Amino acid sequence: MCTIVPFPQKKKFVPTFRCPAAAYVSADRRRRRRHAMIHHLRTRVLPLLLRYPPSHLPASHLVPLHCLLSTTASISPKPFSAKDFLVADCGLTRAQALKASRRLSNLTSLSKPEATVAFLLGHGVPRSDIAAAVVADPSLLYASVGMVLAPRFAELSELGFSPSQIVAILSIRRTGALRGNLLFWVRIFDSYPKLLFLAKSNRELLSASLEKVIKPSLTILQECGISARDIAGLSLYSCRLFTVKPKFLVDAVARVEELGVQRCSWMFCRALAALAFKSKDVLARKIQFLHALGFSQDDLVKIAKKAALVLALSDKKIQRSVGFLMKDVGLQASYIARRPALIMYSVERRLLPRYSLLKLLRQKGLLDVELDYYSMASLAEKNFVQNFVDPYKDSVPGLVDEYASACRGKAPKGSAWL
């Protein structure tokens, strides 16, 4: 009897697709295994080969080990020095290269930095400007030529920026939308150097939203009679007012007004720049501190109106200045409050040297005129020297040198008048 065996059915082919991410993980895993094997050969096997002669090893093991060790030697990375590269190729000084190399600690090859420098030189960027950009941001050397530098150079060149200006901009910011913010600020300041100067201290000028942050903030400032150029002319710190949230700026304006400083006054801009980032609690503690030093509420109002910057000084600075003015000079709190700039002058480099010099002249009978202390303290240094130092240098030997040393905070030991 014949048995019929059924023909085996062919399995249905089901295509499989590998996820690109999975392929990347698999490749990365193989790479890690390969490096682990190389590390094992170098740290475990190679010392054994150096310790024992080949005759102690089985002959079958010699060829594979030889092949493996020759493979490790062929893929050993070429040694390099980031500091030498920064000096020779980028134009940095040794001191600059030492500092910049600390931010390049993850650098395993010079291929990308070399490509970056070659690209910049090829686009007409002077080596001195490359050096300045690398000093500002060493990570610029990590930038991809194809994905970052080339597209940015093409975009910013269309806007009329020179190669040197472009590399300076890229040392501040390379990602995100740059076109809109750059055109806006150049139009506001009418000066690329001014924009670059401010953007180095506040990178958000090139990244903050124009519609949600920058333009509303400028509108609030304009309502207070303050222009963008007014703020930019004060200090690098004050340009942060351009990129704070509008609600924050509204609250800061209210805090300054609560101190008695009116929007129409010339001091309002300076007060806002100095106090905007001081919280209400911090200002309250500062006012209490001034009360403890002997200032009345009326005195504090005068200080806030004439020199609100005093409220931004440290407690140590205020205490040192007020203590000297009241105890050594003998001034009243009301006198200081009407002339709050006295608190802001340096005691060691201005107030004390001038006070001591005039005291010495009176003791020697060379000066018998009573002078208003503020008039003397507020004189420009050149005018003070012409009126109170040069006329008496023959009568008091060494007066010029000792006064100059005192103003540098280096009064000679054993000085007769300090």
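User: What should I know about the model first?

Analyst: It's predicted, so local features need pLDDT of at least 70 and side-chain atom pairs count only at pLDDT 80 or more, while totals for chains, interfaces and linings use all residues. Residues are numbered from 1 along each chain as its sequence is written, and side-chain values use heavy atoms, leaving out hydrogens and water.

User: How is a pair of aromatic rings described?

Analyst: By the distance of the centres and the angle of the planes. Rings of Phe, Tyr and Trp (its six-membered ring) pair if their centres lie within 6.5 Å; planes under 30 degrees apart are stacked, over 60 edge-to-face, the rest tilted. A search of the whole structure turns up ten aromatic pairs. In one of them, Phe119 and Phe153 have ring centres 5.3 Å apart and planes at 85°, so that's edge-to-face.

User: Which charge sits over the ring of Phe277?

Analyst: The general test is NZ of Lys or CZ of Arg within 6 Å of the ring centre and within 35 degrees of the ring normal. Here the charged end of Arg240 does it, 3.8 Å from the centre of the Phe277 ring. Arg354 likewise lies over the face of Phe384, 4.5 Å from the ring centre.

User: And what is the relative accessible area of Arg152?

Analyst: Arg152 has 11%, so it's buried.

Key: Buried means under 20% relative accessible area, exposed over 50%, partly exposed in between (1.4 Å probe, protein chains only).
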